[in-house]
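Have a go at each task before you read the solution below it.

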Amino acid sequence: MPLDEYRKKRDFKKSPEPEGAADRTKQARKGKALFFCVQKHLASHLHYDFRLEYEGVLLSWAVPKGPSLDPSVKRLAMHVEDHPFEYGTFEGVIPEGYGAGIVMLWDRGTWTPEKDDIAAMLEKGDLKFRLDGYKLKGSWALVRTRGYGGNRGDGRSWLLIKHRDEWSGDLDIASFAPLSVKSNQDLHEILAEDNPDVWQTNRPAAGGETGALLKEIIAKAAALKNERQAPTASSKPARPARASAGSTRPKRATANKR
């Protein structure tokens, strides 16, 4: 089954990730445009998960450096297990286990294959398509390679390439548009919404560049939580106003004397 590998790697009693509806697998949404999304994922390392809807699941590639709009830049994309369609709206914190870290829904939209036979393009290892997302648009390709140095033949190594068109350029889209398309939040703001095990500085990464990034995000999230929890001036009960020394109290109304 397409989602067997996905489910084996996760404990859904601990992970907030969707398990996926069994009756949806291999069922295309007839008459509807195909869905795609990109999820920014800080786990053992920071990467971008590129996902394309196909036959009821999301075909998935992990792109370490994220998509590039520059046609001369070919980004490594490692083919990983299929994900359930419901995963396309997921954003949050995976507290422990496989993929422990913070997930942001960085982009979403629809995709259109440039040829009708998607299965044949996947088999050939040359998938050409168009994207219509918030951040990624135009013509793209996923091309299978032999891997690092030509020594890996497992078929997992692909390249994500932007074709030259009106949507290409040298803009660093990851830096230019870093926030979630779902919540308009950054990673530390997503983390601040919860209090999971990932707050521990040795999870998911203990050292190196990723560990330093995680510590920075945790510090920002902690500061944000403290700011949200701190009482504000407007939340304090107002004290009754004291009459000043020169003030006068209102006189009682008296009946007119004749």
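**Exercise 1: The largest pocket**

Before you start: this is a predicted model, in which local features need pLDDT of at least 70 and side-chain atom pairs count only at pLDDT 80 or more, while totals for chains, interfaces and linings use all residues. Residues are numbered from 1 along each chain as its sequence is written, and side-chain values use heavy atoms, with hydrogens and water left out.

Task: find out which residues lie nearest the centre of the largest pocket, and which element gives the most to its lining.

Solution, step by step:

- Start with the term: on a 1 Å grid over the protein atoms alone, a pocket is an open set of points where a 1.4 Å probe fits, with protein on both sides within 12 Å along at least five of seven lines, and lining residues have an atom within 4 Å of a point.
- Now the size: the volume is about 400 Å³, where a volume is the space filled by probe spheres set on grid points that are joined across faces, edges and corners.
- Next, the lining: 24 residues line this pocket, and H47, D49, A62, V80 and Y98 are the ones nearest its centre.
- Then the elements: β2 (46–54) and β4 (74–84) are the ones that give two or more residues to this lining, and β4 gives the most, with five. Helices (H or I, at least four residues) and strands (E, at least two) are DSSP runs, numbered from the N terminus.
- Last, sort the lining by class: nine residues are nonpolar, seven polar and eight charged. Here Ala, Val, Leu, Ile, Met, Phe, Trp, Tyr, Cys and Pro count as nonpolar, Asp, Glu, Lys and Arg as charged, and the others, Gly among them, as polar.

**Exercise 2: The second largest pocket**

Solution, step by step:

- Its volume is about 200 Å³.
- This second largest pocket has 15 lining residues, with K65, D172, I173, A174 and S175 nearest the centre.
- Helix α3 (residues 173–176) supplies the largest share of the lining, three residues.
- By class, you get six nonpolar, three polar and six charged residues.

**Exercise 3: Aromatic pairs**

Task: work out how the rings of F35 and F85 are arranged, and how those of F36 and F50 are.

Solution, step by step:

- A pair of aromatic rings is described by the distance of the centres and the angle of the planes.
- The rule: rings of Phe, Tyr and Trp (its six-membered ring) pair if their centres lie within 6.5 Å; planes under 30 degrees apart are stacked, over 60 edge-to-face, and the rest tilted. By this rule there are seven aromatic pairs.
- For F35 and F85, the centres are 5.6 Å apart and the planes stand at 65 degrees, so the pair is edge-to-face.
- F35 sits in strand β1 (residues 34–42) and F85 in the loop between β4 and β5 (92–94), so the pair ties together parts 50 residues apart in sequence.
- Both F35 and F85 are buried, where buried means under 20% relative accessible area, exposed over 50%, and partly exposed in between (1.4 Å probe, protein chains only).
- F36 and F50 make a tilted pair, at 6.2 Å centre to centre with 40 degrees between the planes. Strand β1 holds F36 and strand β2 holds F50, 14 residues apart.

**Exercise 4: Salt bridges**

Task: compare the surroundings of the salt bridges D49–R51, D126–K128 and E216–K220.

Solution, step by step:

- A salt bridge is a side-chain nitrogen of Lys or Arg within 4 Å of a carboxyl oxygen of Asp or Glu, and the structure holds six.
- D49 meets R51 at 3.3 Å, N to O. D49 is buried because its relative accessibility is 6%, and R51 is buried too, at 2%.
- K128 and D126 have their closest N and O atoms 2.7 Å apart. With a relative accessible area of 30%, K128 is partly exposed.
- E216 and K220 also meet at 3.3 Å, N to O. Both lie in helix α5 (residues 208–229), four residues apart, about one turn of the helix.
- E216 is partly exposed at 43% relative accessibility, and K220 is partly exposed at 42%.
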